[in-house]
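Reader: I am new to this structure and would like to learn how to read it. Could you walk me through it, one feature at a time?

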Amino acid sequence: MPALTRDEAQTRAQLLDVHRYTVDLDLTTGDDDTFDSTTLIRFTARSAGDTFVELKPATLRSVTLDGRPVDPETLAGNRLPLTLTPGEHELRVDAAMRYSRTGEGMHRFTDPADGEVYVYTQMFLDDVQRVFAAFDQPDLKAVFEVGVTAPDDWTVLANGVTTPHGDGRWQATPTPPISTYLVAVAAGPWHSVRTEHAGLPFGIHCRRSLAPHLDTDAEEILDVTRQCFDRYHEKFDEPYPFDSYDQAFVPEFNAGAMENPGLVTFRDEFVYRSAVTVTERQTRAMVIAHEMAHMWFGDLVTLRWWDDIWLNESFAEYMGYQTVNEATTRFPDTWVDFSVARKAWGYDADQRPSTHPVAPDPDAVPDTDSALLNFDGISYAKGASALRQLVAWMGEKDFLAGINTHFARHRFANATLADFIDNLASATDRDVHGWAEAWLRTTGVDALTPAYDPADGTLTVNHAGSRPHRIAVGVYDHDLADDQRLVPRTRLDIDVPQSEPAKVPGIRPALLVLNDGDLSYAKVRLDEHSWATALRALSGIPDPVTRAVVWNAARDMVRDGELAPAAYLDAARAHLPHERDLAIVQGVLDFAATQVTDLYLAPKDRPAALALLTDLTRDLIRRTEDGNDPGLRLTAVRHFIDAADRPGALQGWLHEGAVPGGPDLDPALRWRILARLAVLGATDEGGIAAELDRDPSATGQEGAARCRAALPTERAKEAAWQAMFHTDSLSNYLFTATAQGFWQPEQTELVRDYVPRFYPDATALAARRGPAIATAAGRYAFPSYAVDAEALRLGEERLTDDGLTPALRRQLVDRLDDLRRALRVRTA
């Protein structure tokens with residue numbers, strides 16, 4: 001089906017003024033595959049002209065325009081052509097629509113724990129047409145009045161307050177003018193916790209089978225929600241623009257969350273069934289704050305076309321981290337986690353062939369298919385990094401003044417990058433337009449390398465790149481009482497490019513750290529003397545953000561072939577037992593395991609790396625025997641499981657139901673152990689089936705699929721392959737779980753023949769099942785561990801195939817770049 005082009009959207013926006021949608025959804029008719037959808041659209045044509053409305057029906061029953069029938073047979077793909085005269089019009093469309101099992105449109109889920117059924121919508125980016133007929137583009141905002149007929153024991157949630165009227169009929173209050181992609185409905189026998197705040201109804205909702213877990217965390221979730229809500233009202237002049245605030249934790253959700261006004265939907269993994277760390281709770285809080293920021297930036301003021309998606313996501317990303325830091329007291333510094341985990345996502349994306357500017361040229365986003373590809377580490381993490389730097393440069397007072405002007409000028413309307421920059425510029429004498437050209441219209445990561453001259457104590461920052469930076473340089477000395485600890489001497493503020501070298505006062509410092517505080521966005525290096533100090537005393541740097549900057553420098557050096565992967569592991573072995581910030585421990589262990597050990601080391605060196613990680617995590621487990629740091633202990637246990645190369649200890653834990661000294665094995669740990677045992681050939685279908693009997697939940701089903709695909713037998717691999725690529729029976733989550741189990745570093749010889757099979761099978765699958773499954777196939781089912789020239793040749797050859805869908809092509813470009821990098825690191 002053709003994607004909507006930017007030119008088509010502009011033409012239609014010039015022709016139409018859309019006023020109101022009246023949507024009726026009947027979830028009680030049809031069968032498990034379809035539901036009924038009736039739409040009445042009231043709009044004005046400014047002149048005579050031809051246009052179209054989008055929908056993707058199972059059956060198009062009838063269409064009338066101003067009371068006159070339109071032939072349903074004229075529907076071509078997803079477009080129903082309309083010939084309009086000037087003036088007011090009413091379009092009525094009656095159709096049966098298909099439920100989705102891929103998280104797109106109206107997703108339908110049957111909970112294996114109790115058989116209850118739930119449905120919810122995910123309309124982004126152009127999937128409203130899977131649910132009802134619409135002029136589906138962000139700048140044709142309208143009022144939406146949604147009614148839903150559902151089974152009698154269901155609750156219906158929507159963008160506004162919903163009211164039951166008997167016989168399963170629910171009516172939502174009409175919305176203010178919003179974009180089509182923001183309409184939302186969630187229906188099912190929800191478990192709900194409701195309250196009121198600031199005169200508005202607030203609610204959190206989940207599946208009934210998750211009710212005990214939501215109840216356990218309800219006060220934490222609601223506290224974060226209230227605190228962020230109040231903080232945004234301190235920052236923003238415009239009050240919250242909708243009549244209620246519901247947060248629904250829904251099953252098999254493709255994203256982290258979606259900012260539907262008045263009804264934010266989250267993946268229900270955020271309702272924790274098993275033990276989690278404080279950083280994972282912090283992440284949930286950040287996502288809550290991120291989505292709430294969208295109520296203003298994205299929902300109240302919306303992009304005009306998808307080239308400006310960063311206006312939504314970068315702003316919400318920055319505000320999410322900053323507001324959790326400001327408004328809540330239960331979490332550590334969120335910017336440490338941003339530096340270690342989120343920012344690395346941006347750096348990686350910005351060094352791939354698929355990189356793009358934070359704010360791409362409109363011509364680079366010609367249609368909705370290309371727009372969907374830009375939801376990546378650049379639009380989120382790099383854009384948020386740029387905004388954080390902008391706030392530091394402008395000052396928060398002026399930044400917020402510009403933001404509030406933006407809201408006031410464009411409330412319930414649409415805006416562009418030019419509008420945003422003009423509004424910021426109105427609040428400051430800084431050259432915001434110049435900043436935007438340098439930071440938002442360019443690609444790639446600048447690199448900053450120090451050159452220290454001990455003869456005169458001068459510091460020159462060598463700059464590879466084109467952007468201006470204002471960075472702090474941390475100057476550190478050894479603690480006289482403890483050579484393994486460092487103390488700050490001073491901090492220098494330096495503009496890059498430099499007009500002249502900076503003077504470092506005093507004797508040669510033990511450590512110089514560029515971008516100390518991590519307020520800029522650039523790869524940094526350490527001089528040789530500083531790197532030698534860091535290898536000895538990294539964990540002795542007093543500030544966790546500074547330690548994160550140094551760890552990121554080491555990470556980048558490994559990826560660029562400038563630091564041996566084994567040296568990174570040695571640094572982790574030396575310093576993580578003394579690291580005090582859990583976000584750093586998690587980030588370093590994740591990179592050490594999934595990148596260094598699994599990809600960058602030659603296969604012959606992998607056993608020694610696993611042994612090192614086993615020793616390291618065993619030390620962390622011993623360090624936490626007193627129970628004072630359960631998050632660190634849980635992190636260590638998880639990574640001990642993943643690094644185990646012998647089954648004995650894991651089998652003992654599984655048999656006893658606990659790790660000696662704790663924790664008890666909850667479902668997440670039991671499935672993690674069983675997956676590792678499957679890889680090692682130390683369990684079988686009987687063991688997996690027994691565990692599934694113990695935990696028949698949705699996550700249990702995913703755990704079983706992951707374990708079955710990980711079994712080291714030809715029969716298990718072929719069954720998993722057929723399920724992924726040839727039956728089309730797997731939901732998005734079960735597909736991902738199966739793909740995660742299939743490829744294992746220990747099994748490269750067993751699955752070698754599947755490497756050439758992947759490309760034609762993934763191409764056909766993507767064409768059949770759409771962008772969500774295409775993305776999952778490219779991200780999780782790609783043969784990542786086939787790090788050899790032949791695998792790279794096969795992939796590069798496939799990129800010449802014009803039949804690749806855009807979503808799969810983007811994933812292959814990125815995965816092949818990862819493979820190319822792994823080959824370079826191995827030979828460096």
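Reader: What does the accessible surface of the chain come to, and what percentage of it belongs to carbon and sulfur atoms?

Author: Happy to start there. Accessible areas come from the Shrake-Rupley method with a 1.4 Å probe, and for residues only the protein chains shown count as cover. Here the total is about 29,900 Å², with 50% belonging to carbon and sulfur atoms. Please keep in mind that this is a predicted model, in which local features need pLDDT of at least 70 and side-chain atom pairs count only at pLDDT 80 or more, while totals for chains, interfaces and linings use all residues. Residues are numbered from 1 along each chain as its sequence is written, and side-chain values use heavy atoms, leaving out hydrogens and water.

Reader: How many helices and strands does the chain have?

Author: Helices (H or I, at least four residues) and strands (E, at least two) are DSSP runs, numbered from the N terminus. This chain has 26 helices and 28 strands.

Reader: What percentage of the residues count as buried?

Author: Buried means under 20% relative accessible area, exposed over 50%, and partly exposed in between (1.4 Å probe, protein chains only). Of the 828 residues, 60% are buried.

Reader: Which residues touch the most other members of the largest nonpolar core?

Author: In soluble globular proteins, nonpolar side chains tend to be buried together. A nonpolar core is a set of buried Ala, Val, Leu, Ile, Met, Phe, Trp, Tyr and Cys residues joined through side-chain atoms within 4.5 Å. The largest one here has 153 residues, and Tyr21, Phe132, Phe135, Trp306, Phe399 and Leu440 touch the most other members. Helix H4 (residues 309-327) gives this core its largest share, 9 residues. Apart from it lies another core of 129 residues, including Leu512 and Val787.

Reader: What do the buried residues of H22 pack against?

Author: Helix H22 (residues 732-742) is mostly covered, with 9 of its 11 residues buried; Tyr733 and Phe735 are among them. For packing we look at contact, meaning heavy atoms within 4.5 Å. The partners of these buried residues include strand S8 (105-110) and helix H20 (698-710).

Reader: Is aspartate 111 buried or exposed?

Author: Aspartate 111 has 0% relative accessibility, so it counts as buried. Its place is in the loop between S8 and strand S9 (117-122). Leaving aside neighbours within four places in sequence, aspartate 111 is in contact with Glu116, Tyr118, Arg207 and Ser209. Arginine 208 is 97 residues apart from aspartate 111 along the chain, and their C-alpha atoms are separated by 9.2 Å.
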